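Here is a short note for a first look at this model. Please read the points with the structure open.

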Amino acid sequence: MSVIPKSLVLALLLGPGLQDAALAQNTQASTAIDSIVAVIDEDVILRSELERAIGNIKTQYAKQVNQLPPENVLERQVLERLILQRLQINRAKDIGIRVSDGEINQVIQNIAGSNKMTQEQFAQRLQQEGIAFEDYRSNLTDELLQQRLRQSYVQSRVQVSDSEVEQYVSSQKAAGPEVLLANLLVALPENPSPDQVATAKRKIDGIRELIASGKMDFKAAAIRYSDAQNALEGGIIGWRTFDSIPPQFTAMISEMRAGDVSQPVRGPSGYQLIQLAETRDASQVKQVEEYRAQAILIDPVRVGGNEVARQKAEEMLSRIGKGEDMGKLAKQFSSPDLNAENGGVLDWFTQNQWGTQIGSQIVILKDGELSPVLQTDAGFLVMKRLGKRSSDANADNKRREAREAIGQRKAEEEYERFMRQLRAEAFVESRLAPI
């Protein structure tokens, strides 16, 4: 069995919601003669890239091959996903977003460590599974570029007020059930013609009839017919509370039962079917893992650059290892952004509250154990885990979760608009044969 499942890679990197590209460069895929299958502005996607991505999808559905659409439809779905990924990566690079070799090295070290391997052993296992190490690094870099583009875009556009949080917490909906949703999209272009709208409506009606008559289940229909990026995941969106669902859908979903499929709904992207897959009692989801740590952060801006900051962090690690008081060193050398005045102590926090770089490391450390030097967005970090606990989701946690849920909903809406605009503004030429 593989020791590097995609879910682990994504969880350690960036959390829920990322694309399948992390392992798309599987070198066991087809070695067909290369040709250009799509032109994107001044960039291209090659046939070999498309074949590798399709091969990865087929591997995922090896036991459910009958759920995949016909080969020509699958090609178009996967190519569109690659186009959207390439547009995001190119935009990220154009606006100056970068991922350093040091950051990728640290991510790989974390993944290897979580599998109880050295980096050399991890690279050997990749090779055994037919994945070139440099391709793996390249895909991790692309994932981080897409994540940082999303963060940079939504950060200034998504604000959550205290009143929104209080309303969420006090709302009966916030205390109500959580729902697992899936969607199926028949897309429409910007400013569609009446004929395009009518054609899309006929198609969505026909798909719903297939589902309603039992000729096809929702997951299979989404895989085969949906134009959404999550089509090949069976349209699954994930668990949501009602206040994290776009308001135009909440009344409809509240009247549905598990397994129900909505009537077609017209939205900004086209016509959608929504399935309420499951429900669960949110009151049962009470436990949250929290960590306590102590950290020293060396800010490159304050000390004269990345290399100086890295050396300073290595010095801190060495001095702590020799017995010097970490709190005193934090007060003297650490950035004030990380509680330097309190000796660098980070009181109880959830995994990614201080960022994914800290979050991916804190879960690996044991209580009392020091991390290696970590490169984060804010600088170079040395961290000691002081403790771990499971606690009830108290009022503070509920407010934090409310802020995160509202922010997530707003971020998804903003980024969806951004992706539609990015796609519409780009020159994209598909060279696949017409269906």
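1. Arg137 counts as buried, at 13% relative accessibility. Buried means under 20% relative accessible area, exposed over 50%, and partly exposed in between (1.4 Å probe, protein chains only). The side chain of Arg137 meets that of Asp101 in a salt bridge, 3.7 Å from N to O. Arg137 lies in helix α6 (residues 133–155) and Asp101 in helix α4 (residues 101–114), so the pair ties together parts 36 residues apart in sequence. Asp101 is exposed, with a relative accessible area of 55%.

2. This is a predicted model: local features need pLDDT of at least 70, side-chain atom pairs count only at pLDDT 80 or more, and totals for chains, interfaces and linings use all residues. Residues are numbered from 1 along each chain as its sequence is written, and side-chain values use heavy atoms, leaving out hydrogens and water.

3. The structure holds 26 salt bridges. Each is a side-chain nitrogen of Lys or Arg within 4 Å of a carboxyl oxygen of Asp or Glu. Helices (H or I, at least four residues) and strands (E, at least two) are DSSP runs, numbered from the N terminus.

4. Glu164 and Lys410 also pair, at 2.9 Å from N to O. Glu164 sits in helix α7 (residues 162–170) and Lys410 in helix α16 (residues 395–425), so this bridge ties together parts 246 residues apart in sequence. Glu164 is partly exposed, at 25% relative accessibility.

5. Asp347 bridges to Arg292, with the closest N and O atoms 2.6 Å apart. Asp347 is in strand β8 (residues 345–349) and Arg292 in strand β7 (residues 287–298), 55 residues apart.
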